[in-house]
Amino acid sequence: MSLLADVIVDVPTLQTNQPYSYKIPEQFAEYIKKGMRVVVPFGQGSRTVQGFVVGFKNESDYSGDLKNIQSLMDNTPVLSEELIELGRDLAYKTFSFRIKCYQTMLPAVLKARYVRKIHLIDEVDESVLFDLFKGKDEITWEEAEKKNALDLVLQLEKQGKVHIDYEVKDKTTTKIVKFVKPLMTFEQFEEEKLSIPNNAHKQLLLLNLLQQVDEEELIEVSKFKEYALSLSQLRSGEKKGWCEIEEKEVLRDPFESISFEETQPLKLTSDQLIAFESINKSVQADEHKVFLLKGVTGSGKTEVYLQTISEVIDKAQGALMLVPEIALTPQMVERFKSRFGEQVAVLHSGLSDGEKYDEWRKIEREEAKVVVGARSSIFAPLKNIGLIIIDEEHETTYKQEEFPKYHARDVAIWRGHYHDCPVILGSATPSLESRARASKGVYTLLELTERANNASMPEVRVVDMREEARNGNRSTFSTTLKEELVKRIEKNEQSVLLLNRRGYSSFVMCRDCGYVLGCPNCDISQTLHMDTKKMKCHYCGHEENIPHTCPACQSHSIRYYGTGTQKVEEELQELIPEARIIRMDVDTTRKKGAHQKLFKRFEKKEADILLGTQMIAKGLDFPDVTLVGVINADTSLGLPDFRSAEKTFQLLTQVSGRSGRGVKTGEVIVQSFNPDHYAIQLAKHHDYDSFYRKEMNLRRLSEYSPYYFLLKLSVSHVDEMTAAKKIHEFINFLKPSLSEKAIILGPTPKSIARTHNRYHFQTLIKYKKEDKLKEKCHQLLATTQKEQAKGLYISIDYQPIDFI
């Protein structure tokens with residue numbers, strides 16, 4: 001009985017968010033498997049798209065004409081049974097398309113690239129033939145686009161004069177390396193040398209080198225280049241029968257040039273031992289349990305992770321370790337590679353596409369047992385998972401803001417359940433949601449209350465910047481912070497300075513008329529970037545030159561306002577000329593490997609001060625850092641977000657934890673214009689429990705998470721009135737599915753009401769239990785398909801993080 005393949009096609013619309021059945025041609029019947037990528041015809045004409053095989057069924061169950069699968073893109077499945085199932089669940093829970101979920105799970109090189117070609121199939125005017133087609137019978141879509149001729153092309157297609165063809169191109173690339181293999185014995189090479197003239201130096205050199213290599217051993221061609229032997233000289237040796245040149249595929253290793261010293265497990269403290277034994281009990285029993293490991297900064301959570309992973313590897317299982325940001329990985333990778341060597345694969349955005357693909361294949365081939373990476377590595381193709389760890393679990397970067405809008409924590413728990421394995425959520429400042437679940441017994445709470453090296457928590461001093469201003473100090477740096485920075489330089493110790501901002505200064509404003517240079521496409525001011533000497537919008541990417549006169553009143557009194565990393569660096573250098581400063585922000589870490597290099601320089605004490613944005617606040621461990629300064633603690637407190645106090649408390653606690661991690665005592669100086677705020681005062685005393693109680697009480701009173709679930713409905717359109725009208729319609733559509741206990745906030749324009757020339761409105765639904773709401777949201781998306789096709793954008797976000 002012949003089978004049909006069920007395929008999810010790469011056409012992200014709601015009508016196509018379901019499997020389509022295709023005939024399997026005889027030549028593929030033996031090879032096709034669930035989870036493979038295929039090229040299939042779709043829609044009218046000869047359009048072809050990529051798809052994923054998600055199942056099979058008997059042909060007898062289907063009547064009607066079916067198209068054939070055109071080709072297989074893989075020889076082995078790229079999605080496992082588990083990931084196919086996860087993609088289906090994720091699409092439903094995050095209101096996304098299945099195709100988007102599957103593509104999110106794979107490295108970039110496995111995502112198809114489409115080439116659209118326009119073929120002439122009938123006679124056209126000479127002007128079209130020569131101006132557009134340059135006398136050829138086909139051009140690419142991009143060529144037509146450059147000539148602004150797409151409307152003409154579509155008109156010609158309607159008239160049956162051209163045909164638009166879609167071709168799927170596979171972007172997969174492997175690294176091929178040439179190797180040289182000697183073909184003679186030592187004695188044979190010796191004889192060969194006798195027949196070579198003495199002045200044929202290169203030939204003699206090649207024979208000597210080949211003679212030193214064992215038979216059957218392969219040597220990279222690049223090694224011969226070190227002796228100034230070219231590929232053509234090796235080819236002539238091959239013709240003479242001395243050697244053979246072979247090509248082999250090798251996996252790219254992003255850490256090839258770094259040597260990792262092997263480390264041994266450390267003796268655990270009593271708290272660490274209790275935590276380790278509790279988790280290991282679940283590991284050995286193949287029991288799915290979620291542990292919340294709450295440990296003060298420097299308490300040795302990573303050592304608990306490492307020793308638990310060791311137990312998992314001994315059971316011939318794999319472990320997934322997630323870290324929040326790229327800045328965490330250089331040191332974290334070092335700790336894992338030093339303990340587990342080649343068994344570690346790394347997946348993060350700092351790697352090239354090729355390196356990511358090879359690390360992914362290393363996991364897929366079961367050559368790596370431990371995966372360390374950022375958010376998307378939660379989808380790593382580990383087959384037998386024994387443990388999943390989410391470090392710094394409170395971090396909001398674990399939630400993806402584009403579709404599919406998944407939270408890595410939810411995916412980790414789903415996979416932990418699938419594999420019957422424990423999940424560890426680690427943090428010094430757990431999210432209120434996780435801590436509340438632990439108090440309800442949904443998660444198991446484990447606490448590390450002391451620093452691992454018996455070091456005391458750093459003393460935190462809060463400086464009132466209003467007082468500084470009253471005393472005539474208008475600088476970014478308080479007198480206290482400046483004095484302490486100078487003291488550290490004198491004592492050959494290091495300091496870390498955190499700035500809660502990016503860019504040279506926030507905005508450009510005219511002192512005469514108050515004009516602020518805004519983005520033409522968005523309702524937000526542009527940011528000055530001195531490295532590129534440009535004004536830039538951080539939303540749509542619009543760039544323009546820095547104005548020297550005010551566009552509104554032509555005054556020359558146009559000035560830069562705000563505080564950015566570049567500006568602070570310049571001010572600091574002026575203030576303390578002898579200071580050696582490393583600046584670490586989005587702009588200085590664009591290049592591949594930049595994080596690693598900057599951290600290494602700081603570790604080798606090539607700088608006194610590390611100045612950076614949030615990326616330096618977490619997970620870094622430098623024993624000589626004895627001072628941490630927070631330049632503007634208030635920035636996040638002013639944001640229109642019910643989590644702003646929680647985020648401020650977490651950031652201050654995390655950055656304070658960078659100080660005094662070695663033998664030397666640490667100190668933290670927090671500059672604030674709002675020093676009495678409870679988030680700042682409780683962070684000063686490292687008092688998470690009091691913060692948790694106070695914040696939970698406020699959340700209960702204001703009816704927010706974790707007491708309520710949240711669902712955000714966003715609508716945008718190029719016309720403001722259309723967007724406003726539609727969101728009211730959609731709320732009325734959802735209302736019948738809600739009980740009286742549900743709370744609807746809005747609709748309101750978003751904080752930044754216009755970006756990318758579109759107007760944005762949002763509404764927030766707060767609820768405790770609404771069984772019909774999810775299904776009703778899916779119905780809403782289904783009934784608005786035509787409107788979405790006409791430029792209306794609808795987004796539904798479950799448990800949103802971003803409200804701005």
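Two strands are taken to pair if DSSP finds at least two bridges between them. Helices (H or I, at least four residues) and strands (E, at least two) are DSSP runs, numbered from the N terminus. The structure is a predicted model, in which local features need pLDDT of at least 70 and side-chain atom pairs count only at pLDDT 80 or more, whereas totals for chains, interfaces and linings use all residues. Residues are numbered from 1 along each chain as its sequence is written, and side-chain values use heavy atoms, with hydrogens and water left out.

On these criteria, an open sheet of four strands is found, with antiparallel pairing and the order E31-E32-E30-E33. Its edges are formed by strand E31 (743–755) and strand E33 (793–798), each of which pairs on one side only. From one strand to the next, the twist averages 20°, where axes are lines fitted to C-alpha atoms (for helices, over the stretch in contact) and angles run from 0 to 180 degrees between N-to-C directions. Within this sheet, strand E30 (residues 709–717) and strand E32 (residues 758–767) run antiparallel and are joined by nine bridges. Leu710 is placed opposite Lys766 of E32.

A further open sheet comprises five strands in the order E2-E1-E4-E3-E5, and its pairing is also antiparallel. Strand E2 (20–23) and strand E5 (71–72) are the edge strands, each pairing on one side only. Strand E1 (residues 3–9) runs antiparallel to E2, and four bridges join the two; Ala5 has Tyr22 in E2 as its bridge partner. Helix H3 (residues 98–105) lies across E1 and strand E4 (48–58), running at about 105° to E4.

Strand E19 (residues 459–464) pairs with E29 in the parallel sense over six bridges, and Glu459 stands opposite Glu667. Strand E28 (residues 625–630) likewise pairs with E29 in the parallel sense, over four bridges, with Val630 opposite Val670.

Two helix pairs were also examined. Helix H2 (residues 81–93) and helix H25 (residues 773–783) pack at an angle of about 85°, their axes being 10 Å apart. H2 is therefore roughly perpendicular to H25, given that angles under 35 degrees count as roughly parallel, over 145 as roughly antiparallel, 65 to 115 as roughly perpendicular and the rest as oblique. Contact (heavy atoms within 4.5 Å) is made by Ala91, Tyr92 and Lys93 of H2 and by Lys774, Glu775 and His778 of H25. These residues divide into two nonpolar, one polar and three charged, where Ala, Val, Leu, Ile, Met, Phe, Trp, Tyr, Cys and Pro count as nonpolar, Asp, Glu, Lys and Arg as charged, and the others, Gly among them, as polar.

The axes of helix H11 (residues 270–284) and helix H12 (residues 301–314) come within 10 Å and cross at roughly 30°, which means that H11 is roughly parallel to H12. In this contact, Gln272, Ala275, Phe276, Ile279, Asn280, Val283 and Gln284 of H11 meet Glu303, Val304, Gln307, Thr308, Glu311 and Val312 of H12. The contact residues comprise six nonpolar, five polar and two charged.
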